[in-house]
Amino acid sequence: MNPDFLAWSGNLQARIETVLERLLPDPQHTPQTLHAAMRYAALEGGKRVRPLLAFAAGEVVGADPARVEIAASAVELIHAYSLVHDDLPCMDNDMLRRGKPTCHVEYGEATALLVGDSLHSLAFELISAHTLSDTPERQLEMVKLLALAAGSRGMAGGQAIDLVSVGQTLTLPELEFMHIHKTGALIRASVLLGTYCGSALDDTALAKLDHYAKCVGLAFQVVDDILDAEAPTATLGKTAGKDAENNKPTYVTLMGSARAKAFAAELHSDALDALAGFDSAQRLRELADFIVQRQF
């Protein structure tokens with residue numbers, strides 16, 4: 001990867017860590033265990049792809065980074081909550097996340113459930129309590145965007161489809177529909193929320209950025225499926241081979257590894273094409289490269 005991109009992404013990953021440390025409740029405040037567990041789940045780990053996408057989209061519209069960091073943190077808290085719930089025994093029953101024991105292993109199932117609930121609520125507190133856009137109407141649209149991305153017509157809906165698809169053979173359109181919601185919804189929200197923090201774009205420009213986000217969101221999942229099948233647990237920071245063990249439909253089981261890699265490359269190309277005409281979208285282009293070329 002370009003050293004300049006690595007420096008940019010590293011600085012922003014550190015910034016988001018600092019912002020989340022500030023925004024999450026102090027573990028000394030009652031209930032201490034819940035607050036400590038929230039910080040355990042949200043801090044010290046992860047690629048922070050969604051915040052990076054929000055910042056990169058913000059650059060396209062000249063957004064104030066102080067606004068973007070709040071919107072980016074809200075999306076990341078929704079993502080962190082989804083991982084805590086996804087790891088629970090009633091879902092994927094995973095023991096390892098980001099190289100450490102999952103939240104329910106460390107704190108118990110009941111606390112992990114409340115951690116997810118609390119991170120979800122905090123995300124909406126942040127996005128509604130700070131001035132993030134130039135008009136109240138646009139800020140209200142940001143709240144709506146995040147709510148749709150997190151709910152039954154977004155991430156939660158995709159997870160529900162994933163649960164009932166275990167042991168099933170899905171068609172490619174069915175698999176794409178599931179992941180457009182399960183993984184793609186928050187990624188698309190990240191890009192759009194970043195743009196709403198800056199100067200308004202017309203509908204055509206917004207649609208192009210949304211198409212970019214749809215493509216990178218799908219590519220992210222395709223690469224995840226490839227890595228789950230091919231990379232070791234130590235590299236991934238989570239249990240490798242869980243999809244195959246749980247008999248879940250994936251791009252690798254549907255297409256084979258070679259075709260899945262080719263599909264990821266197609267999505268990468270489509271994402272870059274969608275950015276044609278945007279002069280300040282270099283970071284979005286580099287993030288598309290990172291998502292497809294990553295090894296973890």
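Q: Is Arg 15 buried, partly exposed or exposed?
A: In this predicted model, Arg 15 has a relative accessible area of 30%, so it counts as partly exposed.

Q: And which residue does Arg 15 form a salt bridge with?
A: That's Glu 69, with the closest N and O atoms 2.8 Å apart. Glu 69 lies in helix H4 and Arg 15 in helix H1, so the pair ties together parts 54 residues apart in sequence.

Q: What about Glu 69, buried or exposed?
A: Buried, because its relative accessibility is 10%, and the cut-off for buried is under 20%.

Q: OK, how many salt bridges turn up in the whole structure?
A: The search finds 15. One of them joins the side chains of Arg 283 and Asp 4, at 2.8 Å from N to O. Arg 283 is in helix H16 and Asp 4 in helix H1, so that pair links parts 279 residues apart in sequence.

Q: Which residues are linked in a network of them?
A: Glu 17, Arg 48, Glu 76 and Arg 98.

Q: Switching to H11: what span should its 28 residues have?
A: At 1.5 Å a residue, helix H11 (residues 203–230) should span 40 Å, and its end C-alpha atoms are 40 Å apart, so the two agree.

Q: How many of the residues in H11 are buried?
A: 20 of the 28, so H11 is largely enclosed by the rest of the structure.

Q: And what does Asp 202 reach at the start of H11?
A: A side-chain oxygen of Asp 202 comes within 3.1 Å of the backbone nitrogen of Thr 204.

Note on methods:
Residues are numbered from 1 along each chain as its sequence is written. This is a predicted model: local features need pLDDT of at least 70, side-chain atom pairs count only at pLDDT 80 or more; totals for chains, interfaces and linings use all residues. Side-chain values use heavy atoms; hydrogens and water are left out. Helices (H or I, at least four residues) and strands (E, at least two) are DSSP runs, numbered from the N terminus. The expected span of a helix is 1.5 Å times one less than its number of residues. Buried means under 20% relative accessible area, exposed over 50%, partly exposed in between (1.4 Å probe, protein chains only). A polar contact is a pair of N or O atoms within 3.5 Å; within protein, one must be able to donate a hydrogen and the other to accept it, and residues adjacent in sequence count only if both atoms are side-chain atoms. A salt bridge is a side-chain nitrogen of Lys or Arg within 4 Å of a carboxyl oxygen of Asp or Glu.
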